[in-house]
Amino acid sequence: MVPAAELCDRGAELGALQAGLASAQESRGRALIFTGPVGIGTTSLLNRAEGVASPVFQIAAARASRLERDLPYGVVRQLFTPIVAQLGAHERRELLSGATAQARRALDDTAPADSVGGEFSVLHSLFWLTSDLCDDRPLLLLIDEAQWADTASLRYLAYLVPRLPHLGCFVVAAVSEPAGQQQPAALLEQVMSDPACSVLRPEPLGLEATAAVVGRQLLPPDSSQPVDGEFARACHAATGGNPLLVTELARSLARQGVLPAAPQAATTAEAGARTVADRVTQELAGLPAECGRLARAAAVLGERSPLEKAAQLGGMPLKTARQALTALEATGRVTGDPPGEETADIVFVHPVVHAAVHDLVPVDERGAAHLQAAELLDAAGTPPERSALHLLHTAPGQRAETVQLLLDAADSAMARGSPETAVTLMRRCVGEPPPEDRRAGILYELGLASLLIDPQAAVGDLAEAHKLAHRPKRRAEIALALGSSLLLLHCHEEALEVWQGALAEVPEDETELLHQLQACILSIPFYEPGRSETRRDILRRVSELRSRDTYPTAGGRVLDCVIAGHDTVLGDPRAVPRALRALHNPADLLQLTAGDVGLSLGWLALISADRDEVMTSLDEAVAHAHHAGSMNSLAVALTYRAMAWLARGNLAEAETDARQAVSAADAASVRLPRLVLGPLLADLLLEQGRLAEAEAALVWVGAPDPVPSTGLMYHLLLSRCRLLRRAGKPEQALDSALAAGRSFVSAGGENPALVPWQSEAALCLHVLQRNDEARVLADEGLRLARNWSAPRAWGRALRVLGRLEPSPEEALIRFREAATRLRPSNARLEYAKALGDYGSVLRDTGQVQEAAPVLQEALSAALQCGASPLAERIRAELAAAGIAPAHALESTGVAALTPTQRRVCELAAAGRTNREIAKEVFTTTKATEAHLQDAYRKLGINGRQQLAEKLAAFAQPR
């Protein structure tokens, strides 16, 4: 640890550390990142945090390393393994069970390699492990050199940091700026930009602080003699005030016996010009040869190297290595941990020192050294990832042993939830290269792993695998994945060509593959309906397949979902029973390559039909995506669950899922989900009156301007229409609504439950006082909605038509019918709108007594949905009629709670702890304490007792 006195000119940084520690003690955690050039003192600040926090905090520390950045969960292991290791067997089992069980796959090399679940299941477990560790004492996580952290560990940080405000955890990290890496990695950037994270950039030392550091090295401890000003200025000029360089310069001058006086100032320039690497080289040259060999061997092995392994790699007896380590410790460049033990690890005191020693290994010898290290670790039974890391630093050599070790390591990385590491290892394996008869299989596995994180890279790998594969079945399997990756990149025609080619090759008895390929091919018009001849050909196939019975196999049910999707677009009610049968057990479909395509279209049918059954399927899909670790699948499942929540009018739950889907889509770097998700998020924000955020959601889509009429652009165009209409721009809104209609119709769309462009255009025309034109469109929208017969679409069409009726009496008929249609349905927001319009006309026609209960119910429904602008309009109607809002509803606010918050409240009222509530109710996307506190705020209460009383006084059905 760096002595406290050496931290000069760091008042702001030390203040931020103190504030963060105090906040974590109150279970209001934060993250603090220090960043700057190498040597600016970020490591010293982490050391100070450790010194100040002990013994109040549990402390977990890690240092990332350039040589180990591909070790999955390498930083996470450094943080948590020592904590877990010090527990007794019973305590360890207790800690790593239930919600935290999957964390073993990140921490324990002996965890089964075939453990079920992917990256998100591990992240979820690690989050709960962190949370559980905060129960007894606050937790301080220290991460040095975070710019070299492995991707899996960075994902953990990106997952943890937004949830810190509800944990007793303080994360402090140091990020250096090595040459050639000016911008942090995307995940690290995500962490640094999170609202729960503060970023500080320490400045170089001033002249006075430079003098203080130099004086501590060059003057006796009890000396009162000051450092000469000219000498201090020379030191500052030679180092630029960089704390590491100032300290190194002072150490060098001290060894030369230089005093901090003016006559010696000239000597500082020559000494300052020498780098840390020069000084380390000089120091090692003055030690016995064994010291240099041991140091270089330790540097090759990694930031923290077992003495026994370093001795083997350095070619010396353990006793000699022990003596060499003692000599190295005397230089202050390395330490033994624990000191004096033959089982000690060799630890470099600073990353710069480690890099300098590693660079001392001649370039032409480094590959051989790392290869020897890999063989040594493999022979000792080290987990394959650690051995394989060294192979990444060797030249390809066509060694069968290397190929197998890399593949074993890739399998282990995938099993531990780190597809990024698996991709790196398999890509190196391809370059070895492997035997020709294995190349296609390796490329296929590489493509599947890449598809989880980088569809662009997956295309190249899968395309090459497809060329090399010979068996028709394997070629079809590869084609399914290749087409999916092309579709994610919006390469519709290429995807279609790949799938059609595969369909022509598949043997007739491979029905599962045939059905999946047919489902994928038939889905193309949903993503790119612009090619009319392609669309006509596909729709002919749909018509042929529709006439057959439904398909009992999993692949056949995917095909049924796609057919149901086509029927939904056409407004054909036969879509609903077909989708219900296909989705009765979604678990089978979730395992298939074509599963996402089929499920999304089946969900679309059931959401458009206002069917409750869709929520069970969506919940299973979200859970599976978390468990399997597929960001693409997670983005899709959360998008459609958000769509289902919005259709029901539950805006808070819809926004929670939509925001998480945005994060997943960004992390997966795919554009396809944006075309549905961005407009969906904008629509639910508009219902809450958040116009600026809605506009930002549409910008996030990244669509060209002007928006093309093909593809899935009708969602974007219709959402833009709503935004423009709310912003008081009816002419532009009308243009956008009509463009949405042209786009939807070109795709064969006739169902207003999917794209109610007629109703939106009619509302715009009504504002522009073009009611005759509006009436034509509204009548057409009502005709199509009746044909589909779902309550939400039917009720909306009636409500819009009611606004266009020339007389109040005719309007009342429309609004009453709309409310009647919607009352038994789950479309609560549309119901609230219909009741609001109905009550308003009743009040306008002088029927105040009849209007009162209608408007009261409308207000209740609007509050339940969280539609604040609608609730305000209804309150205004009540006030205009001289009617006071129902006291129970307005005072309790229970109706305003989301279903999740209401369930939390009931468990809290029953005396369950927040952690018990969380583990019972919440998925990885929700923070229990945040929902509970928000529920308290909405109810205007201070604690659990008041909560229990209020819930008992006002029972609200879920």
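Which residues does A519 touch, not counting residues up to four places away in sequence? A519 touches V558, L559, V562 and V597, where contact means heavy atoms within 4.5 Å. The structure is a predicted model, in which local features need pLDDT of at least 70, side-chain atom pairs count only at pLDDT 80 or more, and totals for chains, interfaces and linings use all residues. Residues are numbered from 1 along each chain as its sequence is written, and side-chain values use heavy atoms, with hydrogens and water left out.

A519 has its place in helix α26, residues 511-527. Helices (H or I, at least four residues) and strands (E, at least two) are DSSP runs, numbered from the N terminus. With a relative accessibility of 0%, A519 counts as buried. Buried means under 20% relative accessible area, exposed means over 50%, and partly exposed lies in between (1.4 Å probe, protein chains only). A separation of 7.4 Å lies between the C-alpha atoms of A519 and A594, which are 75 residues apart along the chain.

A nonpolar core is a set of buried Ala, Val, Leu, Ile, Met, Phe, Trp, Tyr and Cys residues joined through side-chain atoms within 4.5 Å. The largest nonpolar core has 194 residues, and those with the most contacts inside it are W499, W603, I607, V614, Y640, L684 and I874. Helix α33 (residues 631-648) gives the most to this core, with 12 residues. Another core lies apart from it and has 51 residues, among them A60, L123, V175 and M192. I874 touches A832, G836, L855, A858, L859 and A862, again leaving out residues up to four places away in sequence.

**The parallel sheet**

An open sheet is formed by 5 strands in the order β2-β3-β4-β1-β5, with parallel pairing. Two strands pair if DSSP finds at least two bridges between them. The edges are held by β2 (58-63) and β5 (197-200), each with a single partner strand, so one side of each has no neighbour in the sheet. On average, neighbouring strands of this sheet are turned by 15 degrees against each other, direction ignored. For such angles, axes are lines fitted to C-alpha atoms, for helices over the stretch in contact, and angles run from 0 to 180 degrees between N-to-C directions.

Strand β1 (residues 30-36) runs parallel to strand β4 (residues 169-176), and 7 bridges join the two. R30 has F170 as its bridge partner in β4, and G36 has S176 as its bridge partner there. β1 also pairs with β5 in the parallel sense, over 4 bridges. In that pairing, F34 stands opposite L200 in β5. Of the 7 residues of β1, 6 are buried, so this strand is largely enclosed by the rest of the structure. In a regular strand the side chains alternate between the two faces of the sheet.

**Cysteines**

How many disulfides does the structure hold? The structure holds 0 disulfides, a disulfide being a pair of cysteine sulfur atoms within 2.5 Å. C134 is in no disulfide, and the nearest cysteine sulfur, that of C169, is 4.8 Å away. C134 is buried, with a relative accessible area of 12%. C235 is buried as well, with a relative accessible area of 1%.

**Backbone details in loops**

| Bond | Omega | Loop |
|---|---|---|
| D337 to P338 | near -5 degrees | P338: between β7 (334-337) and β8 (345-348) |
| E432 to P433 | about -5 degrees | P433: between α21 (419-430) and α22 (436-453) |

Some residues have a positive phi without being a glycine, including S27, with a value of about 60 degrees. S27 is found in the loop between α1 (11-25) and β1. S27 is partly exposed, with a relative accessible area of 40%. Q769 is not a glycine either, and has a positive phi of about 60 degrees. Q769 is found in the loop between α39 (757-767) and α40 (771-788). Is Q769 buried or exposed? At 72% relative accessibility, Q769 counts as exposed.
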